[in-house]
Amino acid sequence: MSDEFCNYNEYRMSRAELLLSAAAAMLAVFFATYVFYRSIALCAVISPLGLFYLPYRRKRQIAKRREALKQQFRDMLYSLSSSLMAGKTMESALREVRGDLEVIYPDPETAIIREVDIILRRTLLNETVDAALYDLAERSGIEDIESFCDVLSTCRKMGGNLVEIVKNTTNILGDKMEIKNEIDVLLAQRRFEKKVLNIMPVALILVLSLTAKDYIEPVFSTLVGKLVMSVSIALIALSWLISEKIMNIDV
């Protein structure tokens, strides 16, 4: 398969992005370790743990890219519905959709514009629109696109009102995105509170280190203090993981 056929379930970082992300993550781990242990040698040993951030970043980028494609696909369906209502065939409607998308998304590298170009090229090679759309659904891993392909294929084989199907699919996608946006708005304050709570232990130790050095010194110099710090780090990491799971709501 050509490189132009993007697999939205994968994400490859550029060398610059990879190096920058790895350096930032390792620096963050180094700083946090120093705050809790006050040992440069230990920081140097533990800082490579920041590399475990890279798979998390890839996952976030994949989710972000798929969400963008879903919204762009909805916009494509709006335009497609209008063209079909004007009496155009699916193939000619897609060619008109291409022009409409250029107005909405000026960047020619926008995912949905590339995908429409791929579909149009494949139809010129006598491949059906259904097959091209199924390929997009498989590469994107987006359930809504796959459902649309199933309904579209059934409609074209068995007969049905294609315009209504496209219109209903567009409305369903729009409703789901509106619900997700409402959920994101409701969770925005909670996400901010989560960030504050994650930063607070580090900030508290820094403040005590500057204002009450004698009080907090045993935490860094005794075995019990180091064990307490280790347990604290583990609990902070665990709370972060749990909060990520709770706030990861898929619609």
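The model is predicted.

Start with the charged pairs. The count comes to 16 salt bridges. One of them joins Asp144 and Lys70, whose closest N and O atoms are 3.9 Å apart. The cut-off for a salt bridge is 4 Å, so this pair falls within it. Asp144 sits in helix H7, which covers residues 143–158, and Lys70 sits in helix H3, which covers residues 53–85. The two are 74 residues apart in sequence, so their bridge ties together separate parts of the chain. Both Asp144 and Lys70 are buried.

Next, look at Arg122. Its salt bridge partner is Glu127. Here the closest N and O atoms are 2.8 Å apart. Are the two partners buried or exposed? Arg122 has a relative accessible area of 15%. Buried means under 20%, so Arg122 is buried. Glu127 has 27% relative accessibility and counts as partly exposed. That value lies between the 20% and 50% limits, which is why Glu127 gets this label.

Now move to Asp135 and Arg139. They too form a salt bridge, with the closest N and O atoms 2.8 Å apart. Both residues belong to helix H6, which covers residues 129–140. They are 4 residues apart, so about one helical turn separates them. Asp135 is buried, and Arg139 is buried as well.

These pairs are part of a wider arrangement. Which residues make up the network of salt bridges? The members are Glu115, Arg122, Glu127, Asp135 and Arg139.

Stay with helix H6 for a moment. H6 has 12 residues. From its first C-alpha to its last, H6 reaches 16 Å. That is close to the 16 Å expected at 1.5 Å a residue. Of its 12 residues, 9 are buried, so H6 is largely enclosed by the rest of the structure. Among the buried residues are Val129, Ala132, Leu133, Leu136 and Ala137. Asp130 and Ser140 are also buried.

Glu146 is found in H7. Its relative accessibility is 42%, and Glu146 counts as partly exposed. Patch residues need over 30% relative accessible area, so Glu146 passes that limit. Helix H7 also holds Asp144, the buried partner of Lys70.

Ile242 lies in helix H10, which covers residues 223–247. Ile242 is partly exposed, with a relative accessible area of 45%.

Finish back in helix H3, where Lys70 was found. At 48% relative accessibility, Ser82 counts as partly exposed. Exposed would need over 50%, so Ser82 stays in the middle class. How many residues apart in sequence are Ser82 and Glu96? They are 14 residues apart in sequence. In space, their C-alpha atoms are 10.0 Å apart.

Technical notes. Residues numbered from 1 in each chain as written. Predicted model: local features only at pLDDT ≥ 70, side-chain atom pairs only at ≥ 80, totals over all residues. Heavy atoms only, no water. Salt bridge = Lys/Arg side-chain N within 4 Å of Asp/Glu carboxyl O. Buried < 20%, exposed > 50% of the residue type's maximum accessible area, 1.4 Å probe, protein only. Expected span 1.5 Å × (residues − 1).
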